[in-house]
Structure formats: C-alpha cells, structure tokens
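Work through the exercises below with the model open. Each task is followed by its solution in steps.

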Amino acid sequence: MSPLSLHPSWTTLESLHDVQSALLRRMVDRCLLDHPRYRTLLAGQGIRAGDVTTLADLARLPITTKADFVADPEGYRLEVDPDQWDDVLADVMYTAGTTTGRPTPIYSTAHDQRAILFAQLRMAAIRGLTRRDRIANLYPLAPVPHGGWNRPTQAAAALGAPVVVGMGGVQDERFPVTRRLDGVLDVLADFNPSVLWGVPSYLDRLLRRAAERALRLPSVRMMAVSGEPCGPNQRLGLLALSEALGAGGAVVSDSLGASELQFSLVECPDGGGFHNPAPELAHVAVLDDHGLPVPDGEPGRLAYTHLDRAGTVLLRFLVGDRAVLDASPCPGCGWLGGRVVTHLGRDDAFTKVRGNLLSIPALHEAIAGVEGVADHRVVIAGGDGRMDTMAVHVAVTPGVTTAGTEAAVALAVRGAVGVRPEVTLVDLNQIFSAEDRLKPRRFIDQRHSVPNTKEPTHG
C-alpha cells in the first residue's frame with residue numbers, strides 16, 4: 001500500500017478521487033484473491049481483477065449490511081500472509097452489540113494499527129487537540145475489547161500528549177482493576193486534565209458526582225464525546241456542569257462513526273459537519289434504497305468502504321445511519337475529505353406506538369429538555385393483542401424540586417410524539433449505573449424478543 005501523509009497530497013476534489021480510485025482498485029483486487037466473502041460475491045457478479053478502476057465503479061460492488069457481517073464475521077477477514085509483518089494480527093476489537101444483541105469481532109493487523117494511529121492524528125488536528133493537552137480517557141473497561149477504551153490512549157500516544165485512564169467499568173472480584181466513580185474522580189483531581197474523552201452519559205454522571213464533592217476541574221477546555229448521540233440539550237447540560245466545576249469556555253466535540261470503521265468522523269469546530277479525517281483509509285457515501293449514490297445535499301443511507309485495510313475489510317457497508325453528505329471543501333476549516341453535514345439518525349429511528357409513528361430522537365430530546373431532568377429511560381410494552389404502553393422513568397437533578405416534573409415530562413412527550421406516557425420518578429442509578437455499563441439504554445422496546453435500543457451509533 002502507498003504511504004500516507006499527515007498533510008494530504010490532494011488539493012482538489014479531482015485529485016482526492018484519483019487517490020481513492022487507485023486505492024479502491026488495489027483493495028478490490030486483493031479481495032478477489034484473499035477475501036472469503038467478497039471473492040465469491042464479486043466473481044459471481046462477473047468482476048475480475050482490474051475491472052474496478054474509479055469511484056464510479058463502486059456502484060457495481062455488492063452492498064454489505066450489519067446482518068451480513070454479524071452472520072459471518074470470519075468471512076469478512078482477509079486471508080493474510082503470516083510471513084509478512086504487516087499482516088501480523090495486532091488486535092481484535094468488538095462492536096458494542098447494542099443493535100444486534102451480540103458483539104462482533106473486528107480484526108486489525110499491524111498495518112491497520114498504524115493506519116488507525118494515523119487517523120487519530122488527523123482526527124486530533126480537525127478537533128484542535130495538541131501534544132500540550134492532558135487527555136483523560138474516561139471510557140469504562142467494557143466486558144469485551146472495545147475501541148472506545150483504546151482510541152483516546154492511542155490518540156495521546158500518536159500526539160505525544162500525556163494521558164490518564166480513568167478505568168471505570170464493571171467490578172470483577174477476580175481481577176479488581178477497575179475504579180468506581182469516586183476513584184475515577186480522584187485520578188482526575190490529581191491529573192488536572194484539559195480534555196475529557198468518553199461517552200456523554202458517563203461524563204454527565206461523572207461531572208454531577210464531581211459537583212456533589214465540590215471538586216474543581218478548571219483546566220478542562222474540551223469534552224470529546226462519542227459512543228452515543230449527544231443532542232443539543234445534553235450538550236448544554238455538559239457545558240453547564242463543566243462551568244460549575246470551574247471550566248469556563250469549554251467546548252463539546254462530537255464524533256460520528258462505527259466500530260467497523262475503526263475511526264470516527266469528527267465534528268468541525270467551525271460547524272462544517274462531521275469530517276472524514278482519513279479519506280485514504282475509507283470512502284464515505286450516501287446511498288438510496290437501491291444502493292445507488294445520491295447527490296450531495298440529499299438524504300440517504302450512510303455507507304463506508306475500506307480502501308486500505310488488511311484485517312476485517314468491508315465494502316459498501318451500511319452502518320445503519322441516515323445522513324446528508326457534502327464533498328465540497330468545508331466553509332469553516334477548508335477540509336476536503338468529505339463530511340456528513342446532517343445526521344438523521346438510524347434507519348430504525350422511528351417506531352409505532354398505539355398507531356402513531358414517532359421519532360425516537362425527538363422523544364429523547366423532548367424529555368431531556370424538561371428543566372431538572374438529569375436522565376431518563378423509555379420502555380415500550382405490549383404486543384400479543386395487548387394495547388401498547390409507554391413508561392418513562394425520570395431521574396431529577398439532586399436538589400431540584402420534583403413538584404410537577406411528571407406532568408411536565410408527560411406534556412413534553414405528548415407534544416413531541418403524540419403519545420401520553422406514564423411517568424415515574426426513579427433514582428439516577430436505576431436508569432444508568434456508570435459502574436455497570438458502557439452506556440445507558442434509554443429506549444427499550446419489550447415488544448421484541450431482544451430489547452431494541454434503537455439508538456444512533458457514534459463512534
């Protein structure tokens with residue numbers, strides 16, 4: 001594979017497409033030789049080595065869905081040469097399994113490991129992270145190896161920046177290596193970080209506990225969040241919490257990705273959308289329901305194609321999100337790598353309750369916007385001939401009066417989605433215990449055999 005540069009060699013959309021086309025041809029040709037799944041699929045469509053020469057040829061390649069990948073993850077792993085150092089297995093990460101019910105392995109070779117570090121440098125440059133930052137990696141240790149726990153530490157290593165790992169996560173009596181919330185806060189108080197990096201729900205819980213302990217985190221200038229959506233109300237809540245801890249002027253930097261991609265599209269500080277930091281590693285497209293690319297500015301299904309990988313390789317992979325793409329230079333920072341300018345949520349971001357089609361993101365935003373609500377969970381029940389029910393469990397910010405909260409939440413939900421729920425006040429840890437889970441389940445549909453979280457994925 002051709003060497004990558006931190007500073008792109010392409011200066012126009014045409015020159016970028018030339019680079020991507022050459023990489024795509026090489027990737028497809030290798031898949032024809034060494035990829036168990038695509039070798040069969042591509043040959044079955046009459047595609048031979050050298051047939052795919054430009055990005056326009058992407059439309060000839062088969063679509064890959066999450067269901068395809070989950071059903072046969074080993075089939076999407078390149079057959080590598082064990083005598084080549086680039087092909088040595090470096091790590092195995094797993095998807096969170098929130099939408100499929102089980103984690104799925106993603107294999108990375110030594111070649112891929114260096115590419116991921118390179119992507120982290122580009123992500124940091126877009127976000128504005130530097131080696132002068134002190135990064136707090138606040139991803140809990142997941143039950144299976146997960147990229148979230150590794151990536152902030154890898155980014156710090158690539159930057160040459162100091163990093164501390166909070167090491168939250170489920171307690172295991174056999175191997176007592178994780179810390180509870182107060183233990184993580186003790187580490188932060190000693191480290192005085194400038195960047196908090198983690199799942200927004202976990203950061204929310206951590207900062208609330210810091211306020212209860214009257215701790216100060218005055219140097220925090222950025223909260224880099226990923227792993228779940230961070231809507232406008234949650235973003236404002238994080239900023240208010242950080243300001244109360246002495247971090248005036250901090251910003252929230254969101255990201256959009258998927259475990260399968262192995263890096264994230266990161267938010268431009270100038271509001272230009274989620275930028276693809278490494279278009280030499282993956283091509284991002286938006287497709288219609290027939291698998292054809294839609295014009296820039298029109299909504300469709302988000303698809304990733306690996307261009308330079310040696311482990312798990314996915315072509316035209318539908319990540320499960322709907323989005324609007326823009327390939328033109330970012331009007332804010334000038335980045336020319338492709339950017340998601342609007343994220344519309346998951347393919348299944350809507351569900352029917354009592355005959356009403358409701359938007360799950362709108363439901364969450366409506367509840368989060370009620371004054372005093374610290375967190376919430378929505379549970380849908382019914383089926384088998386029974387009337388659907390919607391229960392909303394709400395936790396109130398400590399010290400805030402609860403009078404009228406149930407009525408305010410019920411009114412907000414009805415106004416947003418047309419369904420009046422049963423609202424119950426509960427303890428914060430009943431909704432999400434930061435000691436037990438990587439991230440909360442805020443939407444549970446008990447009408448399905450496997451609880452459906454229906455949450456957009458941010459990587």
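This is a predicted model: local features need pLDDT of at least 70, side-chain atom pairs count only at pLDDT 80 or more; totals for chains, interfaces and linings use all residues.

**Exercise 1.** Describe how helix α6 and helix α7 pack: what is the angle, and how far apart are the axes?

Solution. 
- Step 1. Two quantities describe a pair of packed helices: the angle between the axes and the distance between them.
- Step 2. For α6 (residues 181-191) and α7 (residues 200-212), the angle is about 80° and the axes are 10 Å apart.
- Step 3. Angles of 65 to 115 degrees count as roughly perpendicular, so α6 and α7 are roughly perpendicular to each other.
- Step 4. On the α6 side the contact is made by L181, D182, V184, L185 and L188, and on the α7 side by Y202, R205, L206, R209 and A210.
- Step 5. Sorted by class, this contact of α6 with α7 has seven nonpolar residues, three charged and no polar ones.

**Exercise 2.** Treat α4 and α5 likewise: which residues of α4 meet which residues of α5?

Solution. 
- Step 1. Helix α5 (residues 147-159) packs with α4 at an angle of about 80°, and their axes are 9 Å apart.
- Step 2. That angle makes α4 roughly perpendicular to α5.
- Step 3. From α4, the residues are I116, L117, Q120, L121 and A124; they meet R151, Q154, A155, A158 and L159 in α5.
- Step 4. The contact of α4 with α5 divides into seven nonpolar, two polar and one charged.

**Exercise 3.** Characterise the second largest cavity: what is its volume, and which helix gives the largest share of its lining?

Solution. 
- Step 1. Two cavities of 30 Å³ or more are present in the structure.
- Step 2. The second largest cavity has a volume of about 70 Å³.
- Step 3. Its lining consists of D112, A115, I116, L261, Q262, F263, L281, H306, D308 and R309.
- Step 4. Helix α4 (residues 110-127) supplies the largest share of that lining, three residues.
- Step 5. By class the lining has five nonpolar, two polar and three charged residues.
- Step 6. I116 links this exercise to the previous one: I116 lines the second largest cavity, and I116 is also among the α4 residues that meet α5.

Key: Residues are numbered from 1 along each chain as its sequence is written. Side-chain values use heavy atoms; hydrogens and water are left out. Axes are lines fitted to C-alpha atoms, for helices over the stretch in contact, and angles run from 0 to 180 degrees between N-to-C directions. Helices (H or I, at least four residues) and strands (E, at least two) are DSSP runs, numbered from the N terminus. Angles under 35 degrees count as roughly parallel, over 145 as roughly antiparallel, 65 to 115 as roughly perpendicular and the rest as oblique. Contact means heavy atoms within 4.5 Å. Ala, Val, Leu, Ile, Met, Phe, Trp, Tyr, Cys and Pro count as nonpolar, Asp, Glu, Lys and Arg as charged, and the others, Gly among them, as polar. On a 1 Å grid over the protein atoms alone, a cavity is a set of points where a 1.4 Å probe fits but cannot get out, and a pocket is an open set with protein on both sides within 12 Å along at least five of seven lines; lining residues have an atom within 4 Å of a point. Grid points are joined across faces, edges and corners, and a volume is the space filled by probe spheres set on the points.
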